[in-house]
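Reader: Hi! I'm new to this one, could you walk me through it?
Author: Happy to, let's have a look together.

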Amino acid sequence: MNKSIIKEINIIIKNMDNSDYICRVKYVIFFICNVIYSCRLNGFDILNDNFSYFKCKYGLNEDDMNIFTKYKKFNLNFFFAEEKIYELISNNRDDFSENFQPASLYEILLTSKERKSLGQVYTPIKIIDQMLTQIFTVKSIDKNTTILDPSCGGGYFLIEAFKKIKNQCLENVDDRYILEHMLYGIDIDDFSIFLTKMGLLFCSACTQVNFNIINTDFLIDSFDFNYVNKFDIIVGNPPYVGHKNSSAEYKKVLYEKYQDVFYDKADISYCFFKKSKDLLSSDGIISFITSRYFMEALYADKLRTFIISNFHIVSLLDYSGSNIFKDVMVSPAVITLSNIAGNKDDFSYVKCNEDNDFTEKFNFSQNKLKNSGWIILKDCDEQLFDRIESISNTYIKDVCNIKQGIITGLDKAFIVDEETIEKYKIESFLLRKWIKNSNIRDDGIKYNNLYLIYSNNIENEFSCPNAIKYLSTYHEKLMERRECIKGFRKWYELQWGRNQFDFENPKIVFPYKSKGNNFYYDTNEYFCSADIYFINDLHENVVSDYMISYLNSNVFEFYFKCQTKKVGNNLYEYYPNKLNNVKIYLPQESTQQNISDLGKISIEFFLKKVFNISEEEVNNIINKYIQKR
C-alpha cells in the first residue's frame with residue numbers, strides 16, 4: 001500500500017478524538033474490512049462501478065454480517081470517518097482489492113510504542129515462507145493434515161500456509177475445506193483473531209466459514225477444536241515475554257503447569273514448547289521463530305534439557321545477534337523439531353545475518369549439545385575450543401568476585417556535571433567520579449567529567465543542605481522508586497548504592513555488553529553504573545596484570561565468545577553468570593609476573609604455547625572472533 005494512502009488514513013484517525021489511538025486504528029481497519037467483505041457478499045468486485053457505500057453498509061442482513069456483529073465492539077460509529085474511508089477506498093481500488101491484508105495495514109499504522117505496549121511482533125513474510133517450505137519438505141501433507149499456530153497474531157503464518165496448501169493441489173480439497181479442517185489458530189488478543197479471520201477470507205474464495213480460530217490463552221486455558229486434539233504441524237512466533245513483564249499470579253500458574261521448562265526468570269515462550277509437545281501428533285513437526293537466547297540463557301537450561309530429551313532437532317537457523325524484527329531489539333532463531341525422540345542424528349545448523357544471507361552452514365550432532373548451554377561450532381573451531389577448555393585449570397569464580405555497578409534509580413538526579421556542582425555548591429565530600437558503559441573504549445577509559453552524588457553518605461536532610469536542595473528538585477520522581485515506596489530507602493538515597501569501598505579500591509572494570517573483550521584496571525576510584533561490572537578481591541596467588549592481560553588476550557576472547565550470549569550484531573553479553581563459569585589457565589605466580597612484565601605480545605605467545613595453538617589456527621579461527629582494536 002503506497003505512502004499517500006497511509007498518510008490519508010492517518011489523517012482520518014487523527015481527526016477522531018473521542019478514543020485512544022489504538023482503538024481508532026482498530027476501528028478504521030474494522031470498517032475497511034467491512035466494506036471489502038460487503039462487496040464480496042453483494043456479488044460485485046470492489047473495482048466495479050456498482051461499488052456503493054450504502055450497499056456496503058446497509059445492503060446486507062445481520063446473518064450475512066455475522067463475523068462483524070461478533071466484533072462490533074471495535075465499531076466506534078464515526079460516520080464522517082466512514083464516508084472518508086469509503087471515498088479513499090473508491091479512489092484507490094487497486095490497493096484494496098487483490099491481496100489486501102488487514103494485519104499488514106494494522107502493523108503499519110501502529111507506532112513502535114504501540115506495538116511494544118501490545119507486545120505484538122510480526123514475522124517477515126519471507127521468513128514465514130522459508131519456515132513453511134522446510135516443514136512441507138520434511139513432512140508431506142494431505143487432506144487430513146492439521147496445522148496450528150498457537151499465537152497467530154495477524155494470521156500471517158496461517159495465511160501463508162493456506163496459500164501453500166492450495167499450491168499442493170490436493171484432491172477433493174477446496175478453500176472452505178482448508179479453512180475449516182486444516183488450519184487452526186489461537187491468540188489471547190481478540191482483535192488479532194479478527195485480523196486472522198479476515199486475512200484468510202480475503203485470500204480465499206470464501207465468504208461464510210466456520211473458523212477454528214479462537215480467542216483464548218494457549219498456555220492456561222482449555223479449548224476444543226471439534227474433537228481435534230493432536231496436530232501434525234505446530235508453527236508460529238510465540239510471544240517473547242520476560243519475567244519482569246508478567247504478573248506474579250500468572251507466573252505462579254505457569255510455574256505449576258510447566259515445571260519441565262519454566263522457573264525463576266525463565267521466559268514465557270519456553271512454555272509454548274512444552275504445551276505444543278503435548279498437542280503434537282506422534283510424527284508431528286514444531287517450527288518456532290523465537291529469541292535465540294534460549295541456547296545460552298541461564299534460566300533456559302530446563303528448556304534445553306526438554307528439547308534434547310523429547311525431540312529430534314531437524315534444523316536450527318541462528319541469526320546470531322542480527323535483528324530482523326521491526327523496532328524490537330531481540331535476535332531470533334528458527335528451530336524445527338520432529339516428535340521422534342529416539343532420532344538424535346545430526347541437525348542442520350545455519351548462521352544467518354539480518355539480510356537472510358548464510359554466513360555458515362554445517363551439520364552438528366544433537367548428542368553434543370549440553371544442558372548448560374549450546375555451543376555449536378564447526379569441527380575445527382570446536383576442536384580448538386575443547387583443547388582450551390580441557391587445558392585451562394581454574395574457574396574465574398574461584399579466584400575473584402564479580403560485582404555490578406550502582407543503580408541510582410534516577411540518573412538525571414544523581415549524576416551531575418561541574419556546572420551543576422558549582423551552581424548548587426554541592427558538598428564535595430559526596431562527589432565521586434562517574435563512568436558508564438559508553439566511557440569504556442577499545443583503548444581504555446575515557447572520563448567525561450561527570451560525578452555521582454553518593455547520597456548514602458548524607459546522615460540526614462540537614463547535614464548536607466546544598467545537595468538536599470538540589471535533589472529536592474527531583475523529589476517527586478525519587479519518591480516513586482520502588483524501594484522508597486516500600487520504605488526501604490530514604491527519598492534522597494541511591495536505589496542500590498553498593499559498597500563504596502569496592503569502587504575506591506583498585507578493580508578491573510568491563511562493560512556489560514561489548515563487541516570485544518575490554519577489561520581495564522582502574523586505580524582512579526571510578527564509581528560506575530549498572531551497565532558496568534567489575535572484578536575485585538583477586539586471590540593472593542593471582543597477579544592482577546596477568547589477569548588483565550589474560551582476559552584481554554585473543555585466545556580468551558575466542559574461547560569466551562564461543563559460549564556467551566550474542567545479543568546484537570557483533571555484540572556480546574559479558575554477564576557474571578557466564579563469566580564466572582568459564583576457565584582460565586593459571587600458572588605459578590612467578591610465571592604470571594614474568595609474563596606480565598613483557599606485555600601483550602608475551603601473553604599471546606605464552607597462551608599459544610600452553611594450548612598448542614598453531615599460526616594457522618590463529619589466522620583461520622581465532623582472528624574471525626576478534627574485535628579489531
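Author: One term to start: a residue is buried under 20% relative accessible area, exposed over 50% and partly exposed in between, using a 1.4 Å probe and protein chains only. This is a predicted model, where local features need pLDDT of at least 70, side-chain atom pairs count only at pLDDT 80 or more, and totals for chains, interfaces and linings use all residues. Residues are numbered from 1 along each chain as its sequence is written, and side-chain values use heavy atoms, leaving out hydrogens and water.

Reader: Thanks! Is D217 buried or exposed, and what is the nearest side chain of opposite charge?
Author: D217 is buried, and K275 is that side chain, 7.1 Å away. Lys and Arg count as positive, Asp and Glu as negative, while His and the chain ends are not counted. D217 has no salt bridge, meaning a side-chain nitrogen of Lys or Arg within 4 Å of a carboxyl oxygen of Asp or Glu.

Reader: What does D217 touch, then?
Author: D217 touches I188 and Y250, not counting residues up to four places away in sequence; contact means heavy atoms within 4.5 Å. A polar atom of the D217 side chain also lies 2.9 Å from the backbone nitrogen of L219.

Reader: Switching topic, how much of the whole protein is buried?
Author: Buried residues make up 55% of its 629 residues. Among contacts with a separation of 6 or more, 74% join residues 24 or more positions apart.

Reader: And what does the C-alpha trace span?
Author: About 90 × 65 × 45 Å along the principal axes.

Notes. Polar contact = N/O pair within 3.5 Å; in protein donor to acceptor, adjacent residues only side chain to side chain.
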